[in-house]
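Here is a short briefing to read alongside the model. Have the viewer open as you go, and follow each topic in turn.

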Amino acid sequence: MRLDVVTIFPEYLEPLNVSLVGKARARGQLDVRVHDLRDWTHDRHHTVDDTPYGGGPGMVMKPEPWGEALDAIIDSGERERESEDGGEGAAEPVLVVPTPSGRPFTQELAVELSQKPWLIFTPARYEGIDRRVIEEYGDRLDVREVSIGDYVLAGGEAPVLVMVEAIARLLPGVLGNAESHRDDSFAPGAMADLLEGPVYTKPPEWRGRGVPEVLVSGHHGKIARWRRDQALVRTSQNRPDLIERCDPAALDKHDRETLESLGWSEGTDGRFGLAGEAVGE
Ligand code: 6GU
């Protein structure tokens, strides 16, 4: 997979040289190219921002440097493809635009993007990029405006680090163990959209604290059941919205009993609501 990032803070993307993503790059599984937006400015001060039309606080990123940068990067991909024998044809990039006003970045979107051959990220500073840039490339490319959560950051660089890590770990051969993401919290289907429960390792006693007996019992059925109950407990505490949304078909009889013991009650449609609140009406 090829990833291009255009930013006024290339050094902010240094963590892409470390750990999982760094290793994937070193192994040739990821081709990451970080570009300085100011390379596509032509004035002495390398200006990338200007005041907003209509007034208001802050600055807006000018369209011209973004247009030149994106054209150059897209052209470079076309030229590289032509020079490769076989020439594969139209490997189009997906343009990922980080913005707090975007669609939520979810595990589902990470999976979808991990299947693309080429992603271009455009992290912005200030109040964002002149809208015409998103319109211009929206006419030619698949453009995704994406937010990583309900809070406001000073720029899109940290979101790019978040998204690239979520995507890179899904690429074939990047995680050591192919099974490793089957049980991920939020993996579609997997543990039916429950949060993962607690984990333990050696020593068997630490500061007077032991390990749950069942985990050293060697009884695989009981261990799986215990883990499932712990997942239900944690999800009930931390993300009750996930229990409310849970597909009734994903819950077995024991799950239902566990949820009832946690104060949930089953509605007429099989979905759960917290006791006292109307459900399935
Ligand atoms: Cl993608 N950008 C910024 N600036 N703030 C955010 C965000 C993105 N996602 C959540 N907050």
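Five strands build an open sheet, ordered β2-β1-β6-β5-β7, with parallel pairing. Strands here are DSSP runs of E with at least two residues, helices are runs of H or I with at least four residues, and both are numbered from the N terminus. Two strands count as paired if DSSP finds at least two bridges between them. Please keep in mind that this is a predicted model: local features need pLDDT of at least 70, side-chain atom pairs count only at pLDDT 80 or more, and totals for chains, interfaces and linings use all residues. Residues are numbered from 1 along each chain as its sequence is written, and side-chain values use heavy atoms, with hydrogens and water left out.

- At the edges sit β2 (31-36) and β7 (142-147), each of which pairs on one side only.
- From one strand to the next, the twist averages 25°.
- Strand β5 (residues 94-104) runs parallel to strand β6 (residues 118-121), and three bridges join them.
- To find this pairing in your viewer, look for V96, whose bridge partner in β6 is F121.

**A helix across the sheet**

- Helix α4 (residues 131-138) lies across β5 and β7, and runs at about 140° to β7.
- Axes for such angles are lines fitted to C-alpha atoms, for helices over the stretch in contact, and the angles run from 0 to 180 degrees between N-to-C directions.
- Contact means heavy atoms within 4.5 Å.

**Domains**

- The protein chain is assigned domain 1 (2-168) and domain 2 (190-274), with bounds that come from an automatic or database domain assignment.
- The centres of domain 1 and domain 2, taken over C-alpha atoms, are separated by 39 Å.

**Backbone details to look up**

- Between K202 and P203 the peptide bond is cis, with omega near 5°.
- You will find P203 in the loop between α5 (157-168) and α6 (220-238).
- S19 is a residue other than glycine with a positive phi, near 60°, and it lies in helix α1 (residues 19-26).
- S19 counts as partly exposed because its relative accessibility is 49%; buried means under 20% relative accessible area, exposed over 50%, and partly exposed in between (1.4 Å probe, protein chains only).
- H46, also a residue other than glycine, has a positive phi near 50°, and H46 lies in the loop between β2 and β3 (49-50).
- With a relative accessible area of 38%, H46 is partly exposed.
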